[in-house]
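Here is a short briefing to read alongside the model. Please take a look at the ligand first, then at the backbone.

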Amino acid sequence: MRFALATVAIIWALFVLADGVDPGNFKTCEQSSFCRRSRKIQGSGSKYALIPGTLNTYADSLTADLVNKENHHQFAFKLEALVGSTFRLQIDEKQPLRPRYRVEHALKGPTQAGRIRVQRETDGEIVITSEKNKAVIHGDPFRIDFFENDVLVVSVNAKNWLYFEHLRQKAQEPTSHPAENENQQEQDAAVETPKAADTIDDPGAWEENFKSHHDSKPYGPEAVALDFSFPAAKVLFGIPEHADSFILKSTSGTDPYRLYNLDVFEYVVDSKMALYGSVPVIYGHGAQRTAGVYWQNAAETWVDIQTSETNVVSSLVNFVSGSQKTPPPAAHFMSESGIVDAFIMLGPKPMDTFKQYAALTGTHELPQLFALAYHQSRWNYNDERDVTSVSAKFDEYNIPMDTMWLDIEHTDGKRYFTWDKFKFPHPLAMIKNLTELGRHLVVIVDPHIKRDNNYFFHRDCTDRGYYVKTREGNDYEGWCWPGAASYPDFFNPVVREYYASQYALDKFQTVTADVMLWNDMNEPSVFNGPEITAPKDLIHYGNWEHRDVHNLYGHMHLMGSFAGLQQRDPNQRPFILTRAHFAGSQRYAAIWTGDNFADWSHLQHSVKMCLTEAVAGFSFCGADVGAFFGNPDTELLERWYQTGAFLPFFRAHAHIDTKRREPWLFPERTRQVIQNAVIKRYSYLPLWYTAFYELELTGEPVIRPLLAQYPLDKEAFGVDNQLLVQDRLLVRPVMQQGVSKVDVYFPAIDDKKNGDWWYDVDTYQRQERSGYVSVPVDDFKIPVWQRGGSIVPKKERQRRASTLMLHDPYTLIICLDRQGKASGSLYLDDEKSYAYRQGQRIHVNYEFAHDQLVNSFVGKPKYKTLAWIERIVIAGLEKVPSSASITVNGVSQQLEVLHHDNTVVVRKPGVKMDVDFAIKLNFA
Ligand code: NOJ
């Protein structure tokens, strides 16, 4: 017991006292045996070839055998066309000693087969077409070139860095896994013993140590690696989660980017180190073409990046040889185990490519509106009184707030699904108090389970064998917040079902169906594990090693949670926040960027990181406002609120040891700046809500980097201190200290530097040219522009919570383009249930042209609402109208028009949201 307490104390000190992550606690590529081996290939290249005469073609795919010409090991190769300009490439061993892991549950469902046509087949080359795309498969050396409309966009294995370690018997000492059955052993015996050339000469091939941790590696080396070049691209981006720039940097001379879900507290920025989530999708973008690759592998993965701009060696070679040619940007994916399973998405535009990825892994479903509003969290709100009084203070100070959050201290000794009876004796009354005010509560439920025989959850998991196992078949025991803890094996569907059932209100009786969920520490975090996570030789359901599935653990946790909330109340959309994530987790949860620090660079990285997450499927992203660690000064806090107000997930959160930082604890001016930012967020909720509906519908990210909408503008590629909300707002938060102006980049729509018009949303002053503009800012200023040519819906009546705005009237902001036109959509429904999927919704397009605004509904407007249009603001008119008239059902009526500095306001059209109308401006 004393030892246990001492360990907890050490761990606690590690987390609380350290002033930044110690990178030494995490592996470098050189310290990771498979990364070291896979990377070595870059020096020599490998030799793989298709075996002549093994080709088979089908309606949607072709298969062939592939051989490693050095050790003669054979592989099964498959190339499949999918609808929507996507190919899937799979390579597995033809006869592996044991099956190799294939990722499950990341794709949103079965893929949709396309059709292929064999255009040409010669000895060394097969050309197939599918839709307007073409794949040229070269036999020896093995390589595939993918063309979109005859332009080469992705080359696979152009560098010959394919590296596939087949499973092999351990020399002298054949291993047998306790869980392996007799058949498997017979099969093993039937396989030829390896030839000398077949051994892998690396000290970490069959077992590996890192710090005090030992990885038994019973199956030995089994890495897979492959290179992808993007000949039509100038830049690469994607592969979150890293605290780095949006555009990926060259890894020449540095470690590769690492994808391995880890609990890295107070992470460093400008770093390729792994963080909490791993989304192995990468995009290559050039002015004419965008393409992407989704590398579907859940094992630890490192990605080397080669970019033309930063490759010094190639520049030198070119200089000496007089060549203009720099190699195209390329990515080398290296995973510890599994198979090659890569989706090649051929674009051609950025948004096409993002949608192709969404077609594979899905989108976040439309959240309840409250989830898009402001969240108030800290580790921890101490007790019921604290919660109630913080909520009341928001009202006292007139700051809208929707959701209070409770961190781990609300539980009885970190036993999830329970409450601390002293601090929270009446949870239901406390929850009612919040919900009566229109607010919500979110509680944390982590995956580590306290090993306490008096805890029902632990007893159930122990008795029923639900925990992740050690190699010896025992329940794995690690350390986390509760002390000794075990980890449910969410890969087992029965465990997920059990877990989901715990959320039912007859089980979890101390919450209501309005209480939502925060899944933290689900990398999983294990304080005394290697790299603060689970050992790789643990065993999961289906006999898979943790090594094979590590990056999916959090995802499987989320599947259980999401099912739990859906079953608890089938007609309420779940809200879950998760820290760990993998490709496809966006279907279940929002994410935040974890344990950031209160300095300006972390604020800046919140935008970069969320932009990268958004193009990798996670539009619902935010960062701890004010930062998790440290105590922000008033200026940083103010700017953080202003930035957070324009990121999709908007939550203030702080470490238990930080000073309290609710807005009223600061000088009045700071409070006002914060209030202003929050009110602004609420006024734009109709836009956020519409954008999330349209994300569910189309897969188009809610927030976007400039290049998504302005693909031709090379200067815009690297701009990652600005973001777009759909194609309607351009946001350039102030993220530097002590500035009175910021440089804003207005993107060009063509290569002649023509730009859109942009209207400052506070003053409606117009920017008419593209390029950098220096814009003055005061403490209150959030530099945001609305694009000329767009219409943005807003709600401008202030309420304490978004749920109370349901029937409030709308304002439409119309910003005209050079032709005097604008258009934009609005989506509305009950903001809570799934009735919208049965048609209870209104999705409407507004068009302004020739001085007239008309609406047109997408489908029938079936949702019944009391809301109406209260105000129409028009910016960019050449003349001032004297009046306006509205026509509904053939009946016209005059409307009052007011003229302000840069706008015209049409007052009280009064028209309901589900009615067809036309509003015409009249000029005397
Ligand atoms: C780590 C999370 O990142 C942080 O947000 C949370 O407050 C602590 N765990 C305690 O639950």
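The space taken by the ligand is the largest cavity; a cavity is a set of points on a 1 Å grid over the protein atoms alone where a 1.4 Å probe fits but cannot get out, and a molecule sits in it if more than half of its atoms lie within 2 Å of its grid points. This is a predicted model, in which local features need pLDDT of at least 70, side-chain atom pairs count only at pLDDT 80 or more, and totals for chains, interfaces and linings use all residues. Residues are numbered from 1 along each chain as its sequence is written, and side-chain values use heavy atoms, leaving out hydrogens and water.

**Around the ligand**
- Of the 13 residues around the ligand, Asp-407, Asp-520, Arg-579, Asp-595 and His-653 come nearest (a heavy atom within 4 Å counts as near).
- A side-chain N or O atom of Asp-520 is 2.7 Å from a ligand nitrogen atom, in a polar contact (a pair of N or O atoms within 3.5 Å).
- Ligand oxygen atoms lie 2.9 Å from a side-chain N or O atom of Arg-579 and 2.9 Å from a polar side-chain atom of His-653.
- The protein buries 99% of the 290 Å² that the ligand exposes when taken alone (Shrake-Rupley method, 1.4 Å probe).

**Backbone details**
- The peptide bond from Asp-140 to Pro-141 is cis, with omega near -5°.
- Another cis peptide bond joins Glu-523 and Pro-524, with omega about 5°.
- Asn-157 is not a glycine, yet has a positive phi of about 65°.

Methods:
Polar contact = N/O pair within 3.5 Å; in protein donor to acceptor, adjacent residues only side chain to side chain. 1 Å grid on protein atoms, 1.4 Å probe; cavity = no way out; pocket = protein on both sides within 12 Å on 5 of 7 lines; lining within 4 Å.
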